[in-house]
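Visitor: I am new to this structure and would like to learn how to read it. Could you show it to me and take me through its features one at a time?

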Amino acid sequence: MWSDLAADAAGCPGTGQRGAPAPPLDDGYPHGLALCPTCGRFIELDPRGRFLPHDTSDAAESDAEVARRHEWFNAHGW
């Protein structure tokens, strides 16, 4: 059985890595956020251009946000 003791930490190892704002779709999405190469989520950058602390997933993420991210990947690739 899986337990929290054996689970990976929720925090993404991409936190603190250097990033750059992702190219936007025509409507501006993802609105200046950067694509974390570790977890594949759009994350804010600090003033030095490094990913702010974030988890590898977000249980509260809406279906609409997931759909927008899929749309972005279809337009820009990985």
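Guide: Gladly! Let us begin with a definition: a residue counts as buried under 20% relative accessible area, as exposed over 50%, and as partly exposed in between. Please keep in mind that this is a predicted model.

Visitor: Let me try that out. Is Pro23 buried, exposed or partly exposed?

Guide: Pro23 has a relative accessible area of 43%, so it is partly exposed. You will find Pro23 in the segment before β1 (34–35). Leaving aside neighbours within four places in sequence, Pro23 is in contact with Tyr29, Pro30, Trp72 and His76. Distance along the chain is another thing to look at: Pro23 and Ala75 are 52 residues apart in sequence, and their C-alpha atoms are 9.9 Å apart in space.

Visitor: Now the aromatic rings. How should I read a pair of them?

Guide: The general idea is that a pair of aromatic rings is described by the distance of the centres and the angle of the planes. This structure holds 3 aromatic pairs. One of them is formed by Phe42 and Trp72, edge-to-face, with 5.1 Å from centre to centre and 80 degrees between the planes.

Visitor: Which parts does that pair tie together?

Guide: Phe42 lies in strand β2 (residues 42–43) and Trp72 in helix α1 (residues 63–76), so the pair ties together parts that are 30 residues apart in sequence. Phe42 and Trp72 are both buried. Trp72 also forms an edge-to-face pair with Phe73, at 5.2 Å centre to centre and with 85 degrees between the planes. Phe73 is buried, as is Trp72. Ring pairs join Tyr29, Phe42, Trp72 and Phe73 into a cluster.

Visitor: What about nonpolar side chains in general?

Guide: In soluble globular proteins, nonpolar side chains tend to be buried together. Here the largest nonpolar core has 7 residues: Ala22, Leu25, Tyr29, Leu35, Phe42, Trp72 and Phe73. A second, separate core has 5 residues, among them Ala34, Cys36, Ile43 and Phe51.

Visitor: How do I read the helix?

Guide: An α-helix has 3.6 residues a turn, so residues three or four places apart point the same way. For length, the 14 residues of α1 should span 20 Å at 1.5 Å a residue, and the end C-alpha atoms of α1 are 20 Å apart, which agrees.

Visitor: Which residues of α1 are buried?

Guide: Arg69, Trp72 and Phe73 are the buried ones in α1. They cover an arc of only 100 degrees around the axis, which puts them on the same side of α1. What covers these buried residues includes β1 and β2. On the face turned away from the buried side, α1 carries the exposed residues Asp63, Ala64, Asn74 and Ala75. Just after α1 comes Gly77, with a positive phi of about 75 degrees.

Visitor: How should I look at backbone angles elsewhere?

Guide: Most residues other than glycine have a negative phi, and most peptide bonds are trans. His31 has a positive phi, near 55 degrees, and is a residue other than glycine. His31 is found in the segment before β1. With 56% relative accessibility, His31 counts as exposed. Pro30 is found in the segment before β1 too. The peptide bond that joins Tyr29 and Pro30 is cis, with omega about 15 degrees.

Visitor: Let us finish with His54. Where is its place?

Guide: His54 sits in the loop between β2 and α1. Its relative accessible area is 9%, so His54 is buried. The side chain of His54 reaches the backbone oxygen of Leu52 at 2.8 Å.

Visitor: What does His54 touch, not counting residues up to four places away in sequence?

Guide: His54 touches Ala10, Gly11, Cys12, Gly14, Thr15, Cys36, Cys39, Arg41 and Ile43.

Methods
Residues numbered from 1 in each chain as written. Predicted model: local features only at pLDDT ≥ 70, side-chain atom pairs only at ≥ 80, totals over all residues. Heavy atoms only, no water. Phe/Tyr/Trp six-rings, centres within 6.5 Å; stacked < 30°, edge-to-face > 60°. Helix = DSSP H or I, 4+ residues; strand = E, 2+ residues; numbered from the N terminus. Buried < 20%, exposed > 50% of the residue type's maximum accessible area, 1.4 Å probe, protein only. Contact = heavy atoms within 4.5 Å. Expected span 1.5 Å × (residues − 1). Arc of directions from axis to C-beta. Polar contact = N/O pair within 3.5 Å; in protein donor to acceptor, adjacent residues only side chain to side chain. Core = buried A, V, L, I, M, F, W, Y, C linked by side-chain atoms within 4.5 Å.
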